[in-house]
Amino acid sequence: VTDAGTTGYGYGLLDDYKSLNTYYSNGTYYLYDVTKPMNGVIETRTANNGSSLPGNYSVDSNNAWTAYSQAADVDAHAYAGKVYDYYKNTHNRNSFDNNGATIRSTVHYGSNYNNAFWNGSQMVYGDGDGSTFTSLSGALDVVAHELTHAVTERTAGLQYQYQSGALNESFSDVFGYFLDSGDYLMGEDVYTPGVSGDALRSLSNPPQYGQPAHMNDYINTSSDNGGVHTNSGIPNKAAYNTIQSIGKAKAEKIYYRALTVYLTPTSNFSYARAALLQSAADLYGSGSSTYNSVKAAWDAVGVY
Ligand SMILES: CCC(=O)Oc1c(C)cccc1C(=O)O
Ligand SMILES: [Zn+2]
């Protein structure tokens, strides 16, 4: 912890109060969090609905970030801090590179932009068109999804295409669940603000949103980099099966170990099954009920 930080507050997209780790300099407050260990910084910027990155620091005159136009900034900053804390406290990982890299988010990117992404260096969030999406940083599972793309890139390096790409997507959804484990839905807080109860994807019921939940229904396509956002339903369902049988605490240890120790850029679904089984064996024993539950979870989706 350094003595330069200040604590502000603001309201997120859901009008929810949030305390903010900010930085004061020369009469201006910044969304610049200096509270993390080993000088890890979390900073939030705005593209002001343009498309140049990284954009300007989000600033405020009195450390009360209460304007509606600041809500996306507030959520991006607060949720990035939560995801940092999760990886540090649960997996002893210091930022996405495990070396205290600065976590940078840019909000208000583009115009009516229904998208969020990790661009290899930072997270970027559109404001949505107000119908399909509202500002995408308004969901903790979305922020965790994007930051997990960065972790995956620095560890397994799963190539973003076909089965390795669907695994890349699935690990981002699964860690999105580990952060936001109130439900098995993805993006429900920002998807179709005018419609309640729907989501981008469901880990418990992938077919509800057009995804397969079994290898027999794998979609062979070249679009969307080989269907990475569709075929992720299969490993997502296996993850749901696993979490339901062994619980979140064991599942997140097994998933983190598979991602950081065993998976490689070209791993396919079958290799992911083996990596998760090996991780379960390493952590809980090869003959353990935990091991057998992981096996059953993947048997049930037709991946051997
Ligand atoms: C759950 C977060 C998510 O899926 O973000 C994306 C969106 C909204 C559109 C296109 C790609 C992505 C992604 O991060 O894969
Ligand atoms: Zn993704």
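Predicted model: local features only at pLDDT ≥ 70, side-chain atom pairs only at ≥ 80, totals over all residues.
Residues are numbered from 1 along each chain as its sequence is written, chains are lettered from A and ligands numbered from 1 in the order in which they are written, and side-chain values use heavy atoms, with hydrogens and water left out.

Me: Which residues coordinate the zinc ion (ligand 2)?
Reply: Donors are N, O and S atoms within 2.8 Å of the metal (3.2 Å for Na, K and Ca); water is not among the atoms, so sites may look incomplete. The donor residues follow the spacing H-x3-H-x19-E. At 1.9 to 2.0 Å, the zinc ion (ligand 2) is coordinated by H145 (NE2), H149 (NE2) and E169 (OE).

Me: How many residues apart in sequence are the parts that H145 and E169 tie together?
Reply: Helices (H or I, at least four residues) are DSSP runs, numbered from the N terminus. H145 belongs to helix 2 (residues 140-154) and E169 to helix 3 (residues 162-179), so the pair links parts whose separation in sequence is 24 residues.

Me: Is E169 buried or exposed?
Reply: Buried means under 20% relative accessible area, exposed over 50%, and partly exposed in between (1.4 Å probe, protein chains only). H145, at 5%, is buried. With a relative accessibility of 0%, E169 is likewise classed as buried.

Me: What percentage of the 304 residues in the protein is buried?
Reply: The C-alpha trace spans about 60 × 40 × 30 Å along its principal axes. Of the 304 residues, the buried ones make up 54%.

Key
Helix = DSSP H or I, 4+ residues; strand = E, 2+ residues; numbered from the N terminus.
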